[in-house]
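Thanks for making the time this morning.

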Amino acid sequence: MVTEPQVGNKTGNIRAVNVSKEFANSDGGKTLALKELNTEIKPGEFVCLIGPSGCGKSTFLRLVAGLSAPTEGELLLDDKPVNGPGYERGLVFQDPTLFPWLTIYDNVAYGLKIRHIYKEHREEVEEFIRLVGLEGFEKSYPHQLSGGMAQRASLARALVNHPKVLLLDEPLGALDAFTRMNMQDEILRIWKERGTTMIMVTHDVDEAIYLSDRVFIMTPRPAKVEKIIKVDIGRNETYGRQRNSVDFLNYRSMILQILDFTGKVQTPEFYL
Amino acid sequence: MSEEFQGKKKSKIAFNYRTLIPSAGLLIALLTEVLIPNHKDTKYSDLTNLRTVLITALSISVLLCLLSIFIKRLRKRYSYQGWFIGGSGIFIAVINIVTAKTHMLPQLYFPSLSRVFNVYIEDRSFLLTCVISSFTLLIEGLIIGTIIGVITGIVVGWSKGWSYWIYPIIRILGPIPSSTWIPLALIIFSAPKGAAIFLIAFGVWFQITILTSSGIQATKKSYFEVSSTLGASSLQNLFYIAIPDALPSIFLGFFNATCSSFVALMAAEMMGVKSGLGWYINWQKEMIAYPNVYAGLIIIAGFCYLFITLQFKVRDKLLKWQKGVIKW
């Protein structure tokens with residue numbers, strides 16, 4: 001079932017209609033975390049949200065996950081309003097958040113067990129553990145795994161539920177550069193095989209260009225989507241992109257320009 | 001680590017000098033007993049119980065020393081414990097000297113060790129009924145207190161509404177020492193046994209409730225969030241996330257509760273229950289039969305030690321996942 005390509009399936013469409021989210025501050029005021037967002041993410045699309053902190057990326061992800069409700073507007077999954085969390089929208093945090101009292105096997109099997117479909121889908125647990133390259137670690141406990149391995153286990157745990165949409169909140173943020181690049185390829189491979197809609201929050205411009213079909217550039221105060229960039233670079237057979245191609249670098253400088261990070265020359269204090 | 005590594009390379013037969021220390025210590029204790037004559041005023045000077053105990057212990061220690069030449073695991077453990085067992089032998093020798101041998105401590109309150117051991121022979125059937133009586137009281141109190149404590153703890157830790165009503169009551173009632181409830185317990189429960197169980201269960205209930213509820217409240221929010229996005233209902237979050245996460249805390253509560261339940265047991269046995277170790281010790285003290293008091297104390301100490309050790313074993317088994325996360 002895992003290996004069966006599902007690219008081109010028609011589910012996993014996310015639509016945001018006029019979505020705003022306000023948070024109450026401790027001093028009684030309100031912070032607008034997201035302002036009148038209107039967008040559509042197509043089934044099987046890979047979208048990255050990028051922007052400085054406070055621009056509402058994670059807020060948007062949590063709204064899609066159903067972990068918080070929009071103050072105004074509506075979020076639709078396949079034209080049905082999102083109403084609380086559900087297994088069809090998987091979530092992976094920056095912190096692997098594996099349950100420390102369960103073995104890796106039981107962590108991955110968790111979603112199937114609580115949905116009472118473990119018996120029928122038992123073999124998929126093994127398959128997904130293999131897919132993320134953790135065979136042989138089934139009986140280990142989370143604290144025995146390295147950061148990268150733990151993150152792959154948490155990816156497998158989300159994938160075993162066959163979510164229509166996979167929400168990734170800086171999943172690679174805590175990893176070193178090399179593990180990170182390997183994991184990017186792994187995520188792409190899984191995406192290619194499963195055809196799941198991917199929405200990923202990242203701080204890394206290169207990561208966003210390398211992975212996504214479209215990059216949503218978000219800006220804070222007021223938190224909104226500043227620009228959506230369609231990444232039009234061909235993918236290689238592993239589905240990644242050539243990181244040092246001219247196109248790649250052009251996209252990079254374009255995004256940095258929009259984010260206003262191209263070259264703020266700050267005069268060091270000792271020159272003044 | 002390197003020692004272990006070398007041990008694997010070498011043949012299995014090896015000798016560690018530390019495995020001789022227990023025998024040496026016990027031998028010193030035995031020699032003190034045999035070679036130094038008792039003080040002329042020592043009562044029951046002809047009792048040889050201490051000798052019997054020491055000879056038995058010495059034989060076992062020699063046997064273990066020989067066995068540990070061949071069994072690697074035993075060698076490792078026995079040599080580690082060597083100094084402690086040897087030291088205990090010296091301790092017995094010192095006790096023997098200050099009591100039976102020299103009467104440096106008054107004989108009335110500090111009888112010879114042989115007399116203490118003699119109690120186990122003369123009073124054995126009676127002591128056995130006391131042990132059984134205390135044990136059933138303790139177990140019943142612990143089980144009832146634990147069950148009610150875990151349930152209250154979960155309810156208070158999980159639900160804000162229940163917490164609003166129950167938590168202040170716990171805060172008010174909990175810190176009151178068990179023994180202060182004796183008058184009330186005797187009115188409510190007609191049988192003193194029921195009152196005794198209530199006293200023990202009450203102390204256990206408080207400890208376990210507090211640590212269960214705080215364990216559940218301390219569960220990371222992100223665990224619930226991940227669990228929810230994997231399809232868990234609120235009730236599943238409670239049983240599969242909150243309770244397993246709180247388990248170390250619940251165990252800590254149980255550990256504290258066991259310790260306080262021994263105190264409660266002693267208090268409970270002093271009110272009308274005509275058997276049990278606490279009652280035995282108190283009764284013998286009033287009769288100024290100090291050998292019996294010490295005999296009772298030693299049983300209680302052994303009893304507590306076994307109980308706590310057993311609990312640690314169960315915990316290590318159940319909370320295997322915690323190793324490496326938290327140092328116990």
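Let me begin with a question: what radius of gyration would a compact globule of 328 residues have, and what does chain B have? The globule would come out near 20 Å, but chain B has 26 Å, where the radius is taken over C-alpha atoms and the globule rule is 2.2 Å times the number of residues to the power 0.38.

Before going further, some housekeeping. This is a predicted model, in which local features need pLDDT of at least 70 and side-chain atom pairs count only at pLDDT 80 or more, while totals for chains, interfaces and linings use all residues. Residues are numbered from 1 along each chain as its sequence is written, and chains are lettered from A and ligands numbered from 1 in the order in which they are written.

On confidence, the model scores ipTM 0.85 and pTM 0.80. The mean pLDDT of chain B is 87, with 95% of its residues at 70 or more; pLDDT here is the predictor's confidence in each residue, from 0 to 100. Among the elements of chain B, the lowest mean, 49, belongs to helix α1 (residues 2-9), and the highest, 93, to helix α10 (residues 221-229).

Staying with chain B, we have 13 helices and zero strands, both being DSSP runs numbered from the N terminus, with helices (H or I) of at least four residues and strands (E) of at least two. Along its principal axes, the C-alpha trace of chain B spans about 75 × 65 × 30 Å. Buried residues make up 37% of the 328 in chain B; a residue is buried if 20 or more other C-beta atoms lie within 10 Å of its own, exposed if 12 or fewer, and partly exposed in between, with C-beta atoms placed from the backbone. Among contacts in chain B between residues at least 6 apart in sequence, 78% join residues at least 24 apart, a contact being two C-beta atoms, placed from the backbone, within 7 Å.

Chain A, by comparison, has seven helices and ten strands. A compact globule of 272 residues would have a radius of gyration near 19 Å, and chain A agrees, with 19 Å. Its C-alpha atoms fill a box of roughly 65 × 45 × 40 Å along the principal axes, and 43% of the 272 residues of chain A count as buried.

Which residues of α5(A) are buried? They are Gln184(A), Ile187(A), Leu188(A), Ile190(A), Trp191(A) and Arg194(A). Seen down the axis of α5(A), these buried residues fall within an arc of 165 degrees, so they line one face of the helix; the arc is that of the directions from the helix axis to the C-beta atoms. The buried residues of α5(A) pack against several elements of chain A, including β3 (46-50), α3 (118-131) and α4 (147-159). Just after α5(A), Gly195(A) takes a positive phi of about 65 degrees.

Helix α4 of chain A holds Gln151(A), which is buried, with 28 other C-beta atoms within 10 Å. Leaving aside neighbours within four places in sequence, Gln151(A) is in contact with Pro96(A), Pro171(A), Leu175(A) and Met183(A).

Turning to where the chains meet, 22 residues of chain A are in contact with 16 residues of chain B. On the chain A side, β6 (89-92) and α2 (104-114) each supply at least two residues. The residues on that side divide into twelve nonpolar, seven polar and three charged, where Ala, Val, Leu, Ile, Met, Phe, Trp, Tyr, Cys and Pro count as nonpolar, Asp, Glu, Lys and Arg as charged, and the others, Gly among them, as polar. From chain B, the buried residues of α10(B) pack against α1 (57-65) and β6 of chain A, together with α11 (234-269) of chain B.

Glu36(A), in strand β2 (residues 30-41) of chain A, has a positive phi near 40 degrees without being a glycine, and with 15 C-beta neighbours inside 10 Å Glu36(A) counts as partly exposed. Ile288(B), in the loop between α12 (277-286) and α13 (290-318) of chain B, has a positive phi of about 55 degrees although it is not a glycine, and Ile288(B) is exposed, with 10 other C-beta atoms within 10 Å.
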